[in-house]
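Below are my notes on the model, as numbered points.

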Amino acid sequence: MLDLSILEPKPEWAKLVTFIPNKKVPIHNWFYFKEGFSRDFVIKIFDIFKVREGMKILDPFCGSGTTLLVAKEFGIDACGVDASPLAVFVTQVKLADYDIDELNKVSEMLFKKGFRKCDIGKLSWLTKAAFSKYALEDIAFFKEEIKQIEDPKIRNFFTLALMNSANKVSYAIKDGSYIRIHKKPHPPLRKVFKAIIKKMIKDLKRFKCKGSNVEVILGDARDLKFLTDEEFDAIITSPPYLNKIEYTKVYRIEYELFFPHVKVDSLRSYIGMNTNVKNDPFPELQLPLAAKAYLSDINKSLEEIRRVSKIGAKIALVIAEGAFPDRIVPCDLLIAELAERIGFHIDKIFVAAKRVVTRDRTIKIGRARESVILMQRSI
Ligand SMILES: C[S@@+](CC[C@H](N)C(=O)[O-])C[C@H]1O[C@@H](n2cnc3c(N)ncnc32)[C@H](O)[C@@H]1O
């Protein structure tokens, strides 16, 4: 394993590797994606990598599309991949070009219609517990109205606005991998929805971008068969963290309300979900099974990242150590080691933060590093 001397502290990046700064950034804040990093982080990496027009970048775990939206802003061609239909949907809506007059027209129509009760009886207990009856009835009503919009781009825009509004009036709190219910008063859904649409349209009017080709694909980073060899100049990404966030459970409510056709429990393409590990990359370390599964999947993704990168392409990976009751698994060092084995040269590993990790929410296990690996394809 690489030794600790390669680690360089970078505490000024602690916030940048989180989604928090995006909460104030138009369009980036159209959906609160807890696992995301910030626009400012991507801009920093663009700077370090000297990303300029004519280059093409990839984010194979694009989440809510932070890398892609910055690429669009700066006129850089980019492609994003994510295994989550929710993440791909959010990213698509953020990246699309809209006719503002058309959005205003549809918005006016939506609020002209008289309220009609829609059936909410079949929803799960969790979704029912997450909203007041009135909020849930309003959501169901607007969902039905939005379904009637013919243009899929406009329909998706209003669906995201409704999803965002639903989150604002929800009693559900995403707490690590769990959802907690905390009842509190909130304004009527209809009022929130109207304000959010207004804000989103205003954001679009203000957003300045140079023309570039930016797309997002629903796919698996372990098998990027739809991308060609040596296509990308830079990769900026953050794979899921080991043992930390379970991407399907915390978004259960969004899936039930807005993507009822997706079977949440069957999303097996997620990194680390398959514990039938054939190739343990570190047999000598006797890692917990979840860590073996995770690193084996990350290894496959790194092989694909190498294949689609040009020789000399720059790669930035945001990674966190994984916490287990009896130990911390140093994922940053292990993934850097895997990358070296495959054909990358590690330039630096910046340690942005050391976050306290607990067991059963109260017992401190230790501190886990959140790091940024900067490397390049060498062969
Ligand atoms: C840390 S998040 C990325 C957040 C992103 N940087 C942003 O700012 O929104 C990791 C993402 O990896 C996705 N993911 C998990 N397994 C995947 C796989 N096998 N292929 C592609 N994406 C995957 C998850 O759905 C999640 O959106």
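1. H2 and H3 cross in a right-handed sense; a crossing is left-handed if the near helix is turned anticlockwise from the far one by less than a right angle, and right-handed if clockwise. Helices (H or I, at least four residues) and strands (E, at least two) are DSSP runs, numbered from the N terminus. This is a predicted model, in which local features need pLDDT of at least 70 and side-chain atom pairs count only at pLDDT 80 or more, while totals for chains, interfaces and linings use all residues. Residues are numbered from 1 along each chain as its sequence is written, and side-chain values use heavy atoms, with hydrogens and water left out.

2. Helix H2 (residues 66-74) packs on helix H3 (residues 85-95) at an angle of about 15°, and the axes are 10 Å apart. Axes are lines fitted to C-alpha atoms, for helices over the stretch in contact, and angles run from 0 to 180 degrees between N-to-C directions. H2 and H3 are therefore roughly parallel to each other (under 35 degrees is roughly parallel, over 145 roughly antiparallel, 65 to 115 roughly perpendicular, and the rest oblique). From H2, Leu68, Leu69 and Lys72 meet Thr91, Lys94 and Leu95 of H3, where contact means heavy atoms within 4.5 Å. This contact of H2 with H3 divides into three nonpolar, one polar and two charged residues. In that classification Ala, Val, Leu, Ile, Met, Phe, Trp, Tyr, Cys and Pro count as nonpolar, Asp, Glu, Lys and Arg as charged, and the others, Gly among them, as polar.

3. Helix H7 (residues 152-168) packs against helix H8 (residues 189-206) at about 130°, with the axes 9 Å apart. That angle makes H7 oblique to H8. The crossing of H7 past H8 is right-handed. On the H7 side the contact includes Phe157, Phe158, Leu160 and Ala161, and on the H8 side it includes Val192, Phe193, Ile196 and Ile197. By class, the contact of H7 with H8 has 14 nonpolar, two polar and one charged residues.

4. H8 also packs with helix H6 (residues 133-147): their axes come within 9 Å and cross at roughly 45°. H6 is therefore oblique to H8. Ala135, Asp138, Ile139, Phe141, Phe142 and Ile146 of H6 make the contact with Leu189, Arg190 and Phe193 of H8. The residues of this contact of H6 with H8 are seven nonpolar, no polar and two charged.

5. Which residues does Glu137 touch, leaving aside its neighbours within four places in sequence? They are Phe115, Lys117 and Ile120. Glu137 is in helix H6 and is buried, with a relative accessible area of 7%. Buried means under 20% relative accessible area, exposed over 50%, and partly exposed in between (1.4 Å probe, protein chains only). Lys117 lies 20 residues from Glu137 along the chain, and their C-alpha atoms are separated by 6.4 Å.

6. Ser296, in helix H10 (residues 289-308), is buried at a relative accessible area of 11%. Not counting residues up to four places away in sequence, Ser296 touches Val277, Asn279 and Pro281.

7. Gly343 sits in the loop between helix H11 (331-342) and strand S11 (344-359). Its relative accessible area is 3%, so Gly343 is buried. Gly343 and Val106 are 237 residues apart in sequence and 52 Å apart in space, C-alpha to C-alpha.

8. How many disulfides are there? The count is zero, a disulfide being a pair of cysteine sulfur atoms within 2.5 Å. Cys209 is in no disulfide, and the nearest cysteine sulfur, that of Cys62, is 18 Å away. Cys209 is partly exposed, with a relative accessible area of 37%, whereas Cys118 counts as buried at 18% relative accessibility.

9. Two residues deserve a check of the backbone. Glu230 has phi near 50°, a positive value in a residue other than glycine. Glu230 is in the loop between strand S6 (214-218) and strand S7 (232-237) and counts as partly exposed at 42% relative accessibility. Gln286, also a residue other than glycine, has a positive phi near 45°. Gln286 lies in the loop between helix H9 (252-258) and H10 and is exposed, with a relative accessible area of 61%.
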